[in-house]
Amino acid sequence: MTADPAAPPAAPAPQPTVVDVLIPVAVDTAYSYRVPKGLALAPGDFVVVPLGTRETLGVVWDARGAGGDNLKQVLSRVDWPPVRAPLRGFVDWLAAWTLSPRGMVLRMAVRAPEFAGAEPVRFGLRRAGPPPARLTPARGRVMGVFDAAEGEAVLTKRALAEAAGCSPGVIDGLVDEGTLETVALPPDPLPPAPDPEAGTVALDPAQAEAAARLAERAAERRFTVTLLEGVTGSGKTETYFEAVAAALRAGRQTLILLPEIALTAQFLDRFAARFGTRPSEWHSGVSVRRRARAWSGIASGDIKVVAGARSSLFLPFADLGLIVVDEEHEAAYKQDDGVSYHARDMAVMRGRFEEAAVVLASATPSLETRVNAETGRYGHVRLDARYAGRSLPALAAIDLRRDAPPRGRWIAPKLVEAVAETVAAGRQALLFLNRRGYAPLTLCRSCGHRFTCGQCSAWMVEHRFRGALMCHHCGHVERKPGHCPRCGEVDALVACGPGVERIAEEAAALFPDARQLVLSSDMPGGTERLRQELDAVARGEVDIVVGTQLVAKGHNFPNLTLAGIIDADVGLANGDPRAAERTFQLLQQVTGRAGRGEAPGRALIQTFQPDHPVMRALLTGDVERFYRTEIEARQQAGLPPFGRLAALIVSGTDRTAVETHARALARAAYGITGGDPLALAPGDAPRIEVFGPAEAPIAMIRGRYRFRLLVKAPRSADLQGCLRAILAAGPKATGSLRVAVDVEPQSFL
DNA sequence: GCTTGAGTGAAG
DNA sequence: TTCACTCAAGCT
């Protein structure tokens, strides 16, 4: 990091002799340090301070005048752009809201510059002396590369080795002989800034009007939140791009938040088509070097648009004018480990601190956001028709009580027929089932033994590709045995029920000539491979896609005309108060994948409950009625956004310890809130209530037992204060036991 | 989060 | 006695 344009001019104000420095570790209070004579420090400055035996990076949080004699001294000031007041305010607020130590929140904001400080200089090679005395064939090829290049060529070692078809060792040898020399390469120039006038996109009148309203918000220098609600394929992205253009024209920066998996080449290319260049990317797949460069570019204000995953919320924007949260209903925006926060809600607050416009975009908004839009807390812009006159897919249910597939098969005859027609027409078909693995249950035909997880008693799911049985609850894996562990019978194990792998097997047998791809989050290769495969589907390299929920996320497959839902009832019965909302959102997104190109699409939904409100809403398109019912149910239950909800999570490796601790914590909570765990009054009760152990079953997640105590409060209650009091009064967690707080998404305004 | 120092227990 | 490990406290 070099020059610092954002730094305040040499302060005329009296220099503080003591500063409070927040350190990116798990402490909540900023520590006071003495300022050495001659060092000018202002709030937001990065500094190096002694902490215990080590030295650590910190940020000046407050510059109070004087005081304290036996304080340690600030070691030095680090020449990076300071953390601006809006980001400092955001860090403080987020820490208070999530009840996390402020240092931990700061950590999320300063993890990147640690890379920046270590940014390595890259070296190149150029010709410096006479050819070597001993000219081997490999050396000759290296010299040939320089001969072929014009003028003073400077090449990286890797590029040179590749061009010459030799190993890097050959090049090192030439450097030793003095034929070549290493020179520092200038840093890559930043990519050109996005140009709001670069691409012309034809918007239809409805889109143009919506775009104008969003652009107006983005051009203002004030905090607003607007819900952009548009059916899948209505051109939401192109519409909010106009808000991005407005922010660019106003000279301010934009952050586009996307669920990690939606950050594909496809999205970046759409952006490039409109703005002439790709946005800066920010997610876990971006290399350290590129992150470091992005961080400084964002801090200096040179980078105007960032497309990123939830961690990009903490980037040091110099002048943030617009935050877009795409697919705002996505559960992936919720961070569960470490500081637990909901990125959509935090985006709203970041916007508030930055005086920026916030746009929440979704085809199926979350209930919280929908209610906030209806009550006028958020603006509401709607796109009701598909772009360019394209129609929504034709939807039909396949009633599994009447039109069931033959025994041992899962794809109903009607759906088989539809897939055959689709593939024959040169189009793509999607078979969707939200269940990973081959079969959710394995049992012994001879003795009836069910394979359950030894750690948490959930069913073990067979994964045939891997030859393993897996517990989706706690991650426990074991090899699939050849015989029954109870009665010893050989070859008696049967797989019950379908998973995506089994559907893929069935589809492969039914359509042997079709090119098929299975997409599931547990497939090897990680997110990078997944991104590539999604792009391959978009390019039409696959006829039949068999996938779990990740195929629903923000992808445009122009040649996909059929969506078949294998089992629409999955997830409706699992006791989660959001089950219906989640299922509706998921199925709406999946069916919406069909017919986004020129050819019309259709969706077939296999279900045992065609009369369920979720199915009715999907089939009739009467979304309003569905939302109405769900919102009323929330209101009745006093759940967000009508009430406030948090969970105290007790976790540990010892089941009994977790249970006793949770009970003790619950007792402390009852003492403070006066709640009765077994007689919960619904609605806006005047006191905070705790759902006790009786209602909160113990779960096992990633090898740890976990107990959730739900704390419910009316909107007006001081939930954070109450949680703090409970934590202070409750027993102290020790050893592997941990107590975390999870504040559920809701509205702040 | 990280370091440190106390405490524990098994091997030497 | 020594090493290897876990655990809890404190860091300005």
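## Notes on strands, DNA contacts and a salt bridge

1. Let me start with an antiparallel pair: strand β29 (residues 643-652) runs against strand β32 (residues 704-714) over 10 bridges. Here two strands pair if DSSP finds at least two bridges between them, and strands (E, at least two residues) and helices (H or I, at least four) are DSSP runs numbered from the N terminus. Within this pair, G643 stands opposite P714 of β32. Strand β32 also pairs in the antiparallel sense with β31 (residues 699-701), over three bridges, and there A699 faces R706.

2. A word on conventions before going on. This is a predicted model, in which local features need pLDDT of at least 70 and side-chain atom pairs count only at pLDDT 80 or more, while totals for chains, interfaces and linings use all residues. Residues are numbered from 1 along each chain as its sequence is written, chains are lettered from A and ligands numbered from 1 in the order in which they are written, and side-chain values use heavy atoms, with hydrogens and water left out.

3. Next comes an open sheet of six strands, with parallel pairing and the order β18-β28-β27-β19-β26-β25. Its edges are β18 (394-399) and β25 (516-519), each of which pairs on one side only. From one strand to the next the twist averages 15 degrees; axes are lines fitted to C-alpha atoms, for helices over the stretch in contact, and angles run from 0 to 180 degrees between N-to-C directions.

4. Inside that sheet, β19 (residues 428-432) and β27 (residues 560-565) pair in the parallel sense over five bridges. Q428 stands opposite L560 in β27. Helix α13 (residues 500-510) packs on the sheet and touches β19, β25 and β26 (544-547), where contact means heavy atoms within 4.5 Å. The direction of α13 makes about 175 degrees with that of β25.

5. The residues around DNA strand C are V27, Y31, S32, Y33, P50, L51, G52, K72, K732, T734 and G735; a residue is near a strand if one of its heavy atoms lies within 4 Å of it. By class this surface has five nonpolar, four polar and two charged residues (Ala, Val, Leu, Ile, Met, Phe, Trp, Tyr, Cys and Pro count as nonpolar, Asp, Glu, Lys and Arg as charged, and the others, Gly among them, as polar). The largest share, three residues, comes from β2.

6. DNA strand B is surrounded by V25, A26, L51, T53, R54, M104 and R107. Of its atoms within 4 Å of the protein, 63% belong to sugar or phosphate and the rest to bases. The side chain of R54 has an N or O atom 2.6 Å from a base nitrogen of DNA strand B, and that of T53 has one 3.1 Å from a sugar or linking oxygen.

7. Finally, the whole structure holds 47 salt bridges (a side-chain nitrogen of Lys or Arg within 4 Å of a carboxyl oxygen of Asp or Glu). One of them joins E238 and R270 at 3.0 Å, N to O. Because E238 lies in helix α7 (residues 236-249) and R270 in helix α8 (residues 265-275), the pair ties together parts that are 32 residues apart in sequence.

Definitions and conventions:
A polar contact is a pair of N or O atoms within 3.5 Å; within protein, one must be able to donate a hydrogen and the other to accept it, and residues adjacent in sequence count only if both atoms are side-chain atoms.
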